[in-house]
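Thanks for coming, everyone. I'd like to walk you through one structure this morning. Have a look at it first, and then we'll start.

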Amino acid sequence: MNINWYPGHMKKTKDLLKENIKLVDLVIELVDARIPRSSKNPDFDELFVNKKRLLIINKYDLANPNLNKAWENYYKSLGYYTVLYNSNDNKELKKLEAVIEEATADIAERYRNKGIMNKVIKAMIVGIPNVGKSTLINSIAKRKSAKTGNMPGVTKGKQWIRLPKNIDLLDTPGILWPKFISEECALNLSFTGAIKEEVLQIEEIAYSFVERIVKVDKNALTNRYGVELSEKTIENIDNIAFKKGCILNKNEVNYERVSRMILNDFQDGKLGRITLEKPDNV
């Protein structure tokens with residue numbers, strides 16, 4: 001599988017990041033807790049060199065609890081400010097705000113030493129598509145589209161959002177990178193919905209997912225669909241289809257329907273708390 005996909009709007013987004021990085025004090029990156037490595041854009045390390053970085057491991061409520069902490073510790077060991085977060089739970093806001101305050105404490109102190117009190121800290125939020133940036137922004141801003149208006153030096157039409165604790169946040173569109181080095185990375189992004197069906201067919205994605213999930217958590221499909229697992233992936237998909245009524249005329253499997261169901265169930269957490277990757281040290 002050779003996937004080389006880089007839509008024009010993503011190139012424009014990368015150019016936007018390059019143009020505006022000089023304006024910000026902090027870069028906040030979201031990754032998906034179910035695929036913390038595959039959902040981390042490798043281009044960001046070059047784009048944001050010498051910038052303070054906060055890594056939010058989002059959707060941890062959908063991921064394996066035993067691996068959540070391992071990933072948090074792994075990225076902390078690489079020098080990131082890191083926090084496990086669920087952007088759908090407003091109770092998590094205080095935890096996130098505390099980490100943002102910790103990450104920017106020395107910046108605020110430098111401004112105070114210069115006699116600048118209550119200086120607004122500028123941050124940029126980045127991540128791949130479908131990682132939960134919009135939900136996070138709406139929750140932490142405590143209101144939707146809390147825009148502060150255009151600011152000097154920012155591409156026309158881009159808006160800053162005022163957050164608590166004197167933080168102005170520049171939202172950016174989701175961005176992938178020009179070429180996926182490994183098939184596993186591309187498939188992981190497809191499983192979570194970061195890569196859409198124009199690139200890979202949904203039946204192909206579901207087949208690869210079922211093949212993978214049997215290795216990661218062999219009970220997930222049985223617990224959800226009540227099927228006995230076979231050594232053949234296609235038989236597992238067929239059994240799920242018949243069990244859940246994903247059938248066409250003449251008892252033929254509706255592969256598109258059963259594929260969507262399986263992938264939606266994974267993305268919604270209905271297959272259980274599953275993490276598809278482990279840190280190098282685990």
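Predicted model: local features only at pLDDT ≥ 70, side-chain atom pairs only at ≥ 80, totals over all residues.

Let me begin with a cut-off. An angle of 65 to 115 degrees between axes counts as roughly perpendicular.

Helix H4, residues 93–113, packs with helix H5, residues 133–140, at an angle of about 90 degrees. Their axes are 11 Å apart. H4 and H5 are therefore roughly perpendicular to each other. Who makes the contact? From H4 come Leu93, Leu96, Glu97 and Ile100. From H5 come Leu136, Ser139 and Ile140. By class, this contact has five nonpolar residues, one polar and one charged.

Now stay in this region for the cavity. Searching the whole structure turns up one cavity of 30 Å³ or more. The largest cavity has a volume of about 40 Å³. Its lining includes Glu97, Ile100 and Ile140. Glu97 and Ile100 of H4, and Ile140 of H5, also take part in the helix contact.

Let me step back to the whole chain. The protein has ten helices and seven strands. There are 282 residues, and 51% of them count as buried. How far apart in sequence are the contact partners? Take contacts between residues at least 6 apart; 69% of them join residues at least 24 apart.

Next, helix H6, residues 183–191. How much of H6 is covered? Mostly: seven of its nine residues are buried. Those are Cys185, Ala186, Leu187, Asn188, Leu189, Ser190 and Phe191. The cover over them includes H7 and helix H10, residues 255–267. After H6 comes glycine 193, and its phi is positive, near 90 degrees.

H7 covers residues 202–216. The axes of H6 and H7 come within 10 Å and cross at roughly 105 degrees. H6 and H7 are therefore roughly perpendicular to each other, too. On the H6 side, the contact uses Glu184, Leu187, Asn188, Ser190 and Phe191. On the H7 side, it uses Ile205, Ser208, Phe209 and Arg212. That makes four nonpolar, three polar and two charged residues.

Phenylalanine 209 lies in H7. Buried or exposed? Phenylalanine 209 has a relative accessible area of 0%, so it is buried. What does phenylalanine 209 touch? Leaving out residues up to four places away in sequence, the list is Phe191, Ile262, Leu263, Phe266 and Leu271. Leucine 187 is 22 residues away along the chain, and the two C-alpha atoms are separated by 7.9 Å.

The largest pocket holds about 360 Å³ of space. It is lined by 18 residues, and the closest to its centre are Arg37, Ser38, Lys40, Pro42 and Cys185. Cys185 is one of the buried residues of H6. Which elements give two or more residues to this lining? H6 and helix H3, residues 65–77. H3 gives the most, with three residues. By class, the lining has nine nonpolar, three polar and six charged residues.

Two asparagines to finish. Asparagine 64 is in the loop between strand E2, residues 52–58, and H3. With a relative accessible area of 22%, asparagine 64 is partly exposed. Beyond its neighbours within four places in sequence, asparagine 64 contacts Arg273, Ile274 and Thr275. Asparagine 64 and threonine 275 are 211 residues apart in sequence, yet their C-alpha atoms are 5.3 Å apart in space.

Not counting residues up to four places away, asparagine 86 touches Asn58, Tyr60, Asp61 and Glu92.

That's my tour. I'm happy to take questions.

Conventions:
Residues numbered from 1 in each chain as written. Heavy atoms only, no water. 1 Å grid on protein atoms, 1.4 Å probe; cavity = no way out; pocket = protein on both sides within 12 Å on 5 of 7 lines; lining within 4 Å. Points joined across faces, edges and corners; volume = space filled by probe spheres on them. Helix = DSSP H or I, 4+ residues; strand = E, 2+ residues; numbered from the N terminus. Nonpolar A, V, L, I, M, F, W, Y, C, P; charged D, E, K, R; others polar. Buried < 20%, exposed > 50% of the residue type's maximum accessible area, 1.4 Å probe, protein only. Contact = heavy atoms within 4.5 Å. Axes fitted to C-alpha atoms, helices over the stretch in contact; angles between N-to-C directions. Parallel < 35°, antiparallel > 145°, perpendicular 65-115°, else oblique.
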